[in-house]
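I shall present one structure today, moving from the overall description to individual residues.

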Amino acid sequence: MIEPAALDIVSIERAPAGLLDDESLSWLEALRDPGARRDAAIRDLHALLLRAARFQVRRRRHLLPACDGAELDDLAEHAADDATMAVLKRVESYEGRSRFTTWAYKFAIMHAAVAVRRAAWQHREIPIEPADWPFVSDNAGPAELAEHRELATALRSAIDTVLTRHQRTVLIALAVNQVPVDVLAERLSTSRGAVYKTLHDARAKLRQELAAVGFLPGIAERLHD
Amino acid sequence: MTDTPRALRRILGPGEQELSCEECFELLDSYVDLEAAGVDAGQAMPGMWPHLLGCPACADEHDALLELVRDDERSR
């Protein structure tokens, strides 16, 4: 992971209150108001976040083909409720680095995205062995095909020899079988960040091993095609 | 049909210094506002784009937030 100190975030440092755009300032003042203005602002905030949650649920509704419109809207409502609570809890930490609405939206998008992914996987087992090794293109030419097969053999060998059992489980689930990171985290009773860190470390080990046996960086350059 | 580079990218990741999921969520709104404003967000926040290449969940949330913000911009 990158060290926070290495991040160049000079251009997004906390904006002085006087530099906040009018709309963001208005949201902050209303949510900090001790009176009835705050109640109205919370209702407006919930409506804003419900719109964002519905937007995300609609984008990913193909993941839930068995859900009808009412069930999808229920998911969005719950996500908006959770996001509203999260925003109210963190409103004092809003630093004005972005518009208030963008900052608030991200909570609704995240809660809705997680809800859809979890619903899509709720009755499915997590596959920890590869259903298929998707390394060989059906449309590759003979030379490319031979290269892909050679790489596939080296990669499978590296997965089986240099990774710990936990790293292998996480890598196969996330990167081969495409299980969502938060779904796997929930099943393993850990955090999304911890699971991704395991994946990150496993990837680094695999790259190191492939480099040691002569496959990188040539292959790595083509991965950016 | 198998897309070998994509399959390999999923396994080997971006191969660059990248943010964690927590850092990504923390900075996502700033990054998206910079993108929506046409600023080089990758330059301002190194590590974000490699993380989005390596983490499909964060990438999906990024794409959704950017779409939503651009929708707002169009309706302002």
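A residue is called buried if 20 or more other C-beta atoms lie within 10 Å of its own, exposed if 12 or fewer do, and partly exposed in between. By that criterion, 33% of the 225 residues of chain A count as buried. Please keep in mind throughout that this is a predicted model.

Let me begin with the two chains. Chain A contains 9 helices and 0 strands, and its pattern along the sequence reads α-α-α-α-α-α-α-α-α. Among the contacts in chain A with a separation of 6 or more, 70% are accounted for by residues 24 or more positions apart.

Chain B has 76 residues, and buried ones make up 51% of them. Its secondary structure amounts to 5 helices and 0 strands, in the order α-α-α-α-α from the N terminus on. The C-alpha trace of chain B spans about 40 × 30 × 20 Å along its principal axes. If we take the contacts in chain B between residues at least 6 apart in sequence, 70% of them join residues at least 24 apart.

I turn now to the domains of chain A. The domain assignment gives domain 1, residues 8-121, and domain 2, residues 142-223. How many residues does each domain of chain A bring to the contact? Domain 1 supplies 4 residues and domain 2 supplies 4 residues. On the side of domain 1 that touches domain 2, the residues divide into 2 nonpolar, no polar and 2 charged.

Next, the interior. In soluble globular proteins, nonpolar side chains tend to be buried together. The largest nonpolar core in this model has 73 residues, and those that touch the most other members are A:Leu49, A:Ala53, A:Ala108, A:Ala112 and A:Leu171. Which helix gives this core its largest share? That is helix 4 of chain A, residues 100-121, with 13 residues.

Apart from neighbours within four places in sequence, A:Ala53 is in contact with A:Ala76, A:Ala79, A:Ala80, A:Ala83, A:Ala108, A:His111 and A:Ala112.

Let us now consider how one pair of helices packs. Helix 6 of chain A, residues 165-176, meets helix 8 of chain A, residues 192-212, at an angle of about 100 degrees, and their axes are 9 Å apart. Angles of 65 to 115 degrees count as roughly perpendicular, so helix 6 of chain A is roughly perpendicular to helix 8 of chain A. From helix 6, the contact is made by A:His166, A:Gln167, A:Val170, A:Leu171, A:Leu174 and A:Ala175. From helix 8, the residues are A:Val195, A:Thr198, A:Leu199, A:Asp201 and A:Ala202. By class, this contact has 7 nonpolar, 3 polar and 1 charged residues.

I shall now move to the loops on either side of helix 7 of chain A. Most residues other than glycine have a negative phi, and most peptide bonds are trans. A:Gln178, in the loop between helix 6 and helix 7 of chain A, has a positive phi of about 60 degrees although it is not a glycine. A:Gln178 counts as partly exposed because it has 13 C-beta neighbours inside 10 Å.

A:Ser189 lies in the loop between helix 7 and helix 8 of chain A. This residue is not a glycine either, yet its phi is positive, at about 55 degrees. Is A:Ser189 buried or exposed? A:Ser189 is exposed, because 6 other C-beta atoms lie within 10 Å.

A:Thr190 is also placed in the loop between helix 7, residues 181-187, and helix 8 of chain A. With 13 C-beta neighbours inside 10 Å, A:Thr190 counts as partly exposed. Leaving aside neighbours within four places in sequence, A:Thr190 is in contact with A:Ala185 and A:Val195.

Finally, I return to chain B. B:Trp49 is found in helix 4 of that chain, residues 48-54. B:Trp49 has 19 C-beta neighbours inside 10 Å, and therefore counts as partly exposed. B:Trp49 and B:Ala59 are 10 residues apart along the chain, and their C-alpha atoms are separated by 9.0 Å.

Thank you for your attention.

Methods:
Residues numbered from 1 in each chain as written. Chains lettered and ligands numbered in written order. Predicted model: local features only at pLDDT ≥ 70, side-chain atom pairs only at ≥ 80, totals over all residues. Core = buried A, V, L, I, M, F, W, Y, C linked by C-beta atoms within 7 Å. Helix = DSSP H or I, 4+ residues; strand = E, 2+ residues; numbered from the N terminus. Contact = placed C-beta atoms within 7 Å. Axes fitted to C-alpha atoms, helices over the stretch in contact; angles between N-to-C directions. Parallel < 35°, antiparallel > 145°, perpendicular 65-115°, else oblique. Nonpolar A, V, L, I, M, F, W, Y, C, P; charged D, E, K, R; others polar. Domains from an automatic or database assignment.
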